[in-house]
Amino acid sequence: MDQENPIEQPDGTVANGESDTKAPPPPTASGGPITEDGSMPQKKFYRQRAHCNPLAHNDSFLYPSTLDDTAWIQDHFPNVPQQRRPTVLDVGCGFGGLTVALAKMLPDELVLGLEIRAKVTEYVRLRIVALRQEHSGQYENASVMRTNSMKFLPNFFPKASLQKMFFCFPDPHFKRKNHPRRIISERLLAEYAYLLQPGSGRLYCITDVQELHAWHLAKCNAHPLFRKLSEEDMKKDPCVEAMKEETEEAKKVERQGGDNKKGEKYYAVYERILDEDVERVHAGNFFLENSHENIGGEEQECGKEASGGEGQDS
């Protein structure tokens with residue numbers, strides 16, 4: 001495997017993106033792990049600074065030389081009967097609320113949470129192990145991996161291999177100079193379009209920051225390979241309700257009001273269109289204004305829900 005000079009982290013682990021089973025839990029004063037495999041972990045022992053710079057070079061990750069180098073079955077889905085790859089990604093999964101909810105909702109899909117923080121990744125791993133023991137035969141299709149999703153997704157997943165990608169309450173990176181750190185951008189949308197299955201793959205995004213929601217709409221609407229789902233289509237997708245209710249951040253917004261102090265959540269879902277449906281660029285339309293770039297008030301209000309309004313309580 002290729003390697004970016006792995007370094008030891010403050011918690012004693014080595015940063016890597018190979019497997020969710022290699023990083024040991026934080027040690028206790030006596031030298032043993034805080035949580036044994038099979039026991040449900042407590043968040044208070046695994047909290048870690050929420051904000052980090054994914055473009056910095058002060059952290060290192062392993063990534064595979066080829067797409068066949070990752071042992072998905074051995075390291076992530078040992079009880080799945082046949083060799084398969086993940087088809088659903090929860091990018092920036094946090095403490096894994098949506099990851100485990102999706103695993104139960106989508107039993108025929110392999111759900112993988114991706115998280116950049118070592119201690120949080122270990123919490124999700126322990127949570128999944130405990131759920132597997134507590135509910136025999138369930139959650140075998142869920143796993144987690146520590147990696148930098150802004151750099152290494154094409155090293156793990158082949159073209160058109162994913163059905164769903166979730167981006168829930170990402171870091172807004174408010175300062176203009178930090179906008180390149182945002183998880184949805186022109187450059188990264190090209191990668192997501194490459195990885196999602198044309199005609200059926202979907203990209204889900206949600207935030208409590210209206211400014212960031214406007215950014216998501218602007219970037220996704222302008223991309224020629226994505227089509228925004230209507231409100232009616234989103235209501236038919238059960239994953240939308242899970243995205244709004246199951247993540248830890250969504251529950252926090254319900255309790256505390258979120259960034260806007262009103263409990264509002266802004267979300268949108270985009271479908272990866274077929275390649276043959278893409279409007280070709282030619283001399284006649286190259287300089288025409290892209291109608292998809294309009295993100296006026298009507299567009300910004302789409303997918304807006306205030307807690308205590310017509311939406312369901314968590």
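**View 1. The largest nonpolar core of the predicted model.** In this predicted model, the largest nonpolar core is made up of 38 residues, and those with the most contacts inside it are Leu89, Phe157, Met165, Phe167, Tyr192 and Leu203. Helix α5, which covers residues 186–195, supplies five residues, the largest share of this core. Apart from it lies another core, of 34 residues, which includes Ala103, Cys168, Tyr204 and Cys239.

**View 2. The surroundings of Leu203.** Leaving aside residues up to four places away in sequence, Leu203 touches Met165, Phe167, Ile184, Leu189, Tyr192, Leu196, Cys220, Phe226, Ala268, Val269 and Tyr270. Among these partners, Met165, Phe167 and Tyr192 are, like Leu203 itself, listed with the residues that have the most contacts inside the largest nonpolar core.

**View 3. Helix α3, residues 118–134.** Because 14 of the 17 residues of α3 are buried, this helix is largely enclosed by the rest of the structure.

**View 4. The whole protein, as context for the close-ups.** The protein has 10 helices and 10 strands, and 52% of its 314 residues count as buried. Of the contacts in the protein with a separation of 6 or more, 80% are accounted for by residues 24 or more positions apart. The accessible surface of the protein comes to about 15500 Å², with 48% of that area belonging to carbon and sulfur atoms.

Definitions and conventions
Residues numbered from 1 in each chain as written. Predicted model: local features only at pLDDT ≥ 70, side-chain atom pairs only at ≥ 80, totals over all residues. Heavy atoms only, no water. Core = buried A, V, L, I, M, F, W, Y, C linked by side-chain atoms within 4.5 Å. Buried < 20%, exposed > 50% of the residue type's maximum accessible area, 1.4 Å probe, protein only. Helix = DSSP H or I, 4+ residues; strand = E, 2+ residues; numbered from the N terminus. Contact = heavy atoms within 4.5 Å. Areas by Shrake-Rupley, 256 points an atom, 1.4 Å probe, with all protein chains shown as cover.
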